[in-house]
Amino acid sequence: MLKTKRMSIVPTFVCTLRCKMCSNHMPEFKNPPVASVEDMKKDIDHLFELFDKIEWLQFVGGEIFTHKHLDEVFEYCKKYSDRFDRLIIESNSTIMPTEKEMESLLSYGSKLKVMISDYGELSKAKDEFVAIMEENNIEYVLKKYHGDVADQHFGGWIDNTACKDLLEPDDYVTKQSALCAQVRLENMHVFKGKLHRCSNSLFLSELGVCVPNKNDFVDLNDDKSIEEKREIIKTFYDYPRKSCHYCTWKSGDSAERYSAAIQEGK
Ligand code: SF4
């Protein structure tokens with residue numbers, strides 16, 4: 001049986017903000033790619049061919065609600081509703097979902113959980129979003145990312161924007177990457193047929209600054225058998241991958257923290 005705790009589907013790299021320390025490197029994408037509804041449906045079918053169980057099926061961007069057609073994808077996920085426990089939405093609350101997207105989300109009831117990043121005055125849609133969640137008894141988490149750094153969610157952001165091999169000793173990378181939150185949560189990320197073990201591996205690879213090694217990701221569309229792909233996935237967290245050498249998250253507890261969402265040009 002193949003299971004994972006988290007599976008993040010990335011609908012779009014388009015974001016409404018340009019944060020200097022974006023951990024997903026979104027401002028670095030000059031032409032941010034977008035997955036079509038058909039791309040995502042195909043990925044979802046492939047994922048549920050491979051995985052028997054996914055605890056949290058997540059949608060993470062960019063800002064996912066720039067996509068505008070996610071209602072079709074949320075509805076499609078219902079085909080597999082007995083195979084995942086929660087539908088999780090991550091938003092920076094700068095814009096609202098479309099009416100159809102909101103209607104589809106609310107139809108998930110207690111299975112839905114919304115993670116709202118509150119960037120203070122940048123998060124213009126936060127109050128409206130929160131009010132709808134409360135009216136409909138939907139579980140939500142408001143992550144405070146404004147005001148004093150010490151009071152921000154997880155003590156603020158980590159600067160993960162070096163985008164180069166940090167040339168740390170292999171034994172340090174091995175030890176620290178095993179402790180990384182993305183590893184502990186088995187937070188796999190998928191975009192247009194590429195399944196990676198974490199967000200940093202996906203985004204650095206899409207940016208072209210870190211070419212992943214063989215078996216650092218699975219191409220959901222290639223002609224390997226389901227069993228071959230499963231075997232690769234089973235080893236995802238056994239040892240550090242190329243992206244771990246580029247990543248400051250592995251030093252999470254000791255890494256310096258910064259105020260979140262400072263906009264480029266400010
Ligand atoms: S690249 Fe490695 S250390 Fe960084 S988030 Fe991914 S698994 Fe963790």
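## What buried means

A residue counts as buried when its relative accessible area is under 20%. The model discussed here is predicted.

Is Q152 buried or exposed? Its relative accessible area is 4%. The cut-off for buried is under 20%, so Q152 is buried.

Where does Q152 sit in the chain? It lies in a loop. Strand β5 (139–144) is on one side of that loop, and helix α5 (170–179) is on the other.

The side chain of Q152 has polar partners in the backbone. One is the backbone oxygen of G147, which lies 3.0 Å from a polar atom of that side chain. Another is the backbone nitrogen of A260, also at 3.0 Å from a polar atom of the Q152 side chain. Both G147 and A260 are on the contact list of Q152, which leaves aside neighbours within four places in sequence. That list also holds K144, Y145, H146, Y258 and S259.

## S8, a strand residue

S8 belongs to strand β1, which runs over residues 3–9. The relative accessible area of S8 is 0%. Buried means under 20%, so S8 is buried.

Which side chain makes a polar contact with the side chain of S8? It is the side chain of N187, at 3.0 Å. N187 is also among the residues that S8 touches, with those up to four places away in sequence not counted.

## The whole chain

Of its 266 residues, 52% count as buried. The C-alpha trace spans about 50 × 45 × 30 Å along its principal axes.

Why does the radius of gyration agree with a compact globule? A compact globule of 266 residues would have a radius near 18 Å, and the protein chain has 18 Å.

How much of the contact count comes from residues 24 or more positions apart? Among contacts with a separation of 6 or more, such residues account for 80%.

## Surface and charge

The protein chain exposes about 12,400 Å². Carbon and sulfur atoms supply 49% of that area.

The chain carries 37 positive and 45 negative charges.

Note on methods
Residues numbered from 1 in each chain as written. Predicted model: local features only at pLDDT ≥ 70, side-chain atom pairs only at ≥ 80, totals over all residues. Heavy atoms only, no water. Rg over C-alpha atoms; globule rule 2.2 N^0.38 Å. Buried < 20%, exposed > 50% of the residue type's maximum accessible area, 1.4 Å probe, protein only. Contact = heavy atoms within 4.5 Å. Areas by Shrake-Rupley, 256 points an atom, 1.4 Å probe, with all protein chains shown as cover. Lys, Arg positive; Asp, Glu negative; His and termini not counted. Charge placed at Lys NZ, Arg CZ, Asp CG, Glu CD. Helix = DSSP H or I, 4+ residues; strand = E, 2+ residues; numbered from the N terminus. Polar contact = N/O pair within 3.5 Å; in protein donor to acceptor, adjacent residues only side chain to side chain.
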